[in-house]
Amino acid sequence: MIFIDACFKKPTPYTPIWMMRQAGRYLPEYMKVRKEAGDFLSLCKDYKKASEVTLQPVDMLGVDAAIIFSDILVIPLEMGMDLNFISGEGPVFEKRIQTNEDLNKLDSQKAIKNLNYVYDAIKLTREKLPKDKALIGFCGAPWTIATYMIEGKGSKTYNICKKLLYTNPEFLHKILSQLTEVLKLYLEEQIKAGANAVQIFDSWANALEMDKYFEFGFKYINEIASYIKQKYPHIAVIVFPKGISGYLEKIDGNFDVFGVDWSTPLKNARDTLSSKFTLQGNMEPCRLYSKESISQGIDEILCIMKNRPHIFNLGHGILPDIPVENAKYFIKEVQKRSQK
């Protein structure tokens with residue numbers, strides 16, 4: 001698999017490419033399946049439909065890897081929290097975590113069993129996916145998941161979670177530790193089901209100052225990555241902490257690929273990290289509105305990463321109103337222009 005070879009810094013005939021959120025709303029075929037499912041969570045829980053939308057970008061765009069269709073918040077959902085996706089608001093937990101009693105009500109073992117729909121989707125997808133295409137499993141990082149559990153929904157200030165960090169750090173560490181143990185087992189089950197690589201998304205990494213991020217965020221990512229690499233060294237581990245361009249010199253750990261978000265200068269990431277990790281990214285997603293901008297962005301990134309291990313991707317998820325024709329153009333042009 002060209003994608004896995006790139007993860008492990010092996011030579012590849014061209015730069016492999018996939019897109020975060022590639023199974024998503026920009027595809028009419030995805031919207032059709034989502035409508036049939038009823039709502040977002042129902043689509044996540046219907047393993048056959050989840051597999052179908054996972055495969056769509058491979059069939060339609062020609063990406064080099066599929067990423068299983070799911071959501072990072074299925075973990076707290078299946079641990080016992082009441083989750084709803086509300087139009088205009090996004091994910092909302094009816095009752096957030098405020099006390100030890102709230103945390104103790106959550107059932108980690110039950111969550112791993114209840115997530116069979118994810119593992120079944122992975123099994124079915126791996127059976128249908130061409131053998132030369134990789135399948136990526138994923139989870140949210142403990143810090144990002146914890147912010148949702150503590151805030152009750154997405155936040156611009158993270159003040160509830162950060163208040164806990166500064167006033168009761170022991171309790172926040174307890175939440176993060178519990179999530180870390182669940183996520184280790186969750187990724188392990190995804191690997192057993194057929195995932196060839198796993199990615200850890202830390203969408204809210206930039207919410208914390210540097211020292212606090214490495215104490216409450218990256219520390220737990222590294223713990224998960226080390227667990228997976230020690231047990232499954234053949235599985236590629238990717239980490240994606242969004243928006244930490246000022247912290248690059250402190251990044252280290254037992255993983256294979258570092259995802260670079262679009263706001264981080266790729267040259268800085270290359271000079272700081274490419275001796276340790278394959279870099280993934282980091283096209284600005286809005287460039288996909290224009291074929292001219294796509295071409296320019298591809299050439300700039302390929303020039304920066306020339307003769308360095310690299311996986312092409314967007315620097316965040318593809319946007320819902322991107323023309324499908326432009327997404328196809330992006331994939332084909334990367335594969336064509338990076339031919340060795």
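Predicted model: local features only at pLDDT ≥ 70, side-chain atom pairs only at ≥ 80, totals over all residues.
Residues are numbered from 1 along each chain as its sequence is written, and side-chain values use heavy atoms, without hydrogens or water. Local features need pLDDT of at least 70 and side-chain atom pairs pLDDT 80 or more, whereas totals for chains, interfaces and linings use all residues.

The largest nonpolar core holds 129 residues. Such a core joins buried Ala, Val, Leu, Ile, Met, Phe, Trp, Tyr and Cys residues through side-chain atoms within 4.5 Å; buried means under 20% relative accessible area with a 1.4 Å probe, protein chains only. Phe 3, Met 19, Tyr 186, Phe 258 and Phe 330 touch the most other members. Helix α11 (residues 169-193) gives the largest share, eleven residues. Helices are DSSP runs of H or I, at least four residues, and strands are runs of E, at least two, numbered from the N terminus. Beyond neighbours within four places in sequence, Tyr 186 contacts (heavy atoms within 4.5 Å) residues including Ser 70, Ile 112, Tyr 119 and Phe 138.

A pocket is an open set of points on a 1 Å grid over the protein atoms alone, where a 1.4 Å probe fits, with protein on both sides within 12 Å along at least five of seven lines; lining residues have an atom within 4 Å of a point. Of 42 lining residues, Arg 21, Arg 25, Phe 40, Asp 71 and Phe 85 lie nearest the centre. Strand β2 gives the most, four residues.

Notes:
Buried < 20%, exposed > 50% of the residue type's maximum accessible area, 1.4 Å probe, protein only.
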